[in-house]
Amino acid sequence: MRSPLWAALLIGAALSLPTASAQTTYCPVQVIPDYVLGFAYRALLRLDPACPPGGVGRVRKVSTLNSYGPFVPQKPGGLPQYGGVWGWNLTAISSSVPSRELWTTLHWEWNYWDGTDWLPAEGP
């Protein structure tokens with residue numbers, strides 16, 4: 001016979017799981033050039049100060065070299081070396097952006113996801 005305590009724990013755990021109706025709040029991201037070396041800079045990525053607690057910034061880098069062509073290189077781009085995702089997540093306490101990708105040449109720009117479209121990230 002199972003204890004009622006186990007049943008209560010299982011029900012409580014099930015109720016604390018996120019549901020399909022939970023909406024993710026996507027926030028704008030600010031890109032602040034930290035170190036500048038002529039043709040490149042190290043980006044500091046920050047969530048917009050108005051982002052609510054639990055909000056997420058989703059970012060990517062897009063090449064500006066052939067932005068009018070049929071293919072615009074982007075990172076992470078869903079490639080296995082980037083974890084197979086189409087954007088990196090940024091929260092108030094963590095970031096999935098690899099540190100090597102923070103170095104940005106002038107031929108790349110940062111975009112953020114607003115929930116429906118990719119938009120240019122904001123400056124300081």
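Which residue in β2 is the bridge partner of L37? In this predicted model, L37 is bridged to A40 of β2. The report below starts from the confidence of the model and then returns to the strands around that bridge.

**Confidence and overall composition**

The mean pLDDT of the protein is 79, and 71% of the residues score at least 70. Confidence is lowest in helix α1, residues 4-16, where the mean is 45. At the other end of the range, strand β2, residues 40-47, has the highest confidence, at 95.

The protein contains 1 helix and 8 strands. Read from the N terminus, the order of elements is α-β-β-β-β-β-β-β-β. The protein has 124 residues, of which 29% count as buried. When contacts between residues at least 6 apart in sequence are considered, 57% of them join residues at least 24 apart.

**The sheet of β1, β2 and β6**

An open sheet is formed by 3 strands, arranged in the order β1-β2-β6 with antiparallel pairing. Strands β1 (29-37) and β6 (103-105) stand at the edges; each has a single partner strand, so one side of each is left without a neighbour in the sheet. On average, and with direction ignored, neighbouring strands of this sheet are turned by 45° against each other.

The antiparallel pairing of β1 with β2 extends over 8 bridges. Within this pairing, I32 stands opposite L44 in β2, and L37 has A40 as its bridge partner. The hairpin of β1 and β2 has 2 residues between the strands, and G38 takes a positive phi near 70° there.

**Aromatic residues**

How many aromatic pairs does a search of the whole structure find? The search returns 2 aromatic pairs. One of these is formed by W88 and W110, with a centre-to-centre distance of 6.3 Å and 50° between the planes, and it is classed as tilted. The pair links distant parts of the chain, since W88 belongs to strand β5 (residues 88-90) and W110 to strand β7 (residues 108-113), 22 residues apart. Both W88 and W110 are buried.

| Lysine | Ring | Distance from the ring centre |
|---|---|---|
| K61 | W108 | 5.9 Å |
| K75 | W108 | 5.0 Å |

T91 is located in the loop between β5 and β6. Is T91 buried or partly exposed? Its relative accessibility is 26%, and T91 therefore counts as partly exposed; the buried class would require a value under 20%. Not counting residues up to four places away in sequence, T91 touches L47, G55 and V56. T91 and G57 are 34 residues apart in sequence, while their C-alpha atoms are 6.3 Å apart in space.

Technical notes: Residues are numbered from 1 along each chain as its sequence is written. This is a predicted model: local features need pLDDT of at least 70, side-chain atom pairs count only at pLDDT 80 or more; totals for chains, interfaces and linings use all residues. Side-chain values use heavy atoms; hydrogens and water are left out. pLDDT is the predictor's confidence in each residue, from 0 to 100. Helices (H or I, at least four residues) and strands (E, at least two) are DSSP runs, numbered from the N terminus. Two strands pair if DSSP finds at least two bridges between them. Axes are lines fitted to C-alpha atoms, for helices over the stretch in contact, and angles run from 0 to 180 degrees between N-to-C directions. Rings of Phe, Tyr and Trp (its six-membered ring) pair if their centres lie within 6.5 Å; planes under 30 degrees apart count as stacked, over 60 as edge-to-face and the rest as tilted. Buried means under 20% relative accessible area, exposed over 50%, partly exposed in between (1.4 Å probe, protein chains only). A charge sits over a ring if NZ of Lys or CZ of Arg is within 6 Å of the ring centre and within 35 degrees of the ring normal. Contact means heavy atoms within 4.5 Å.
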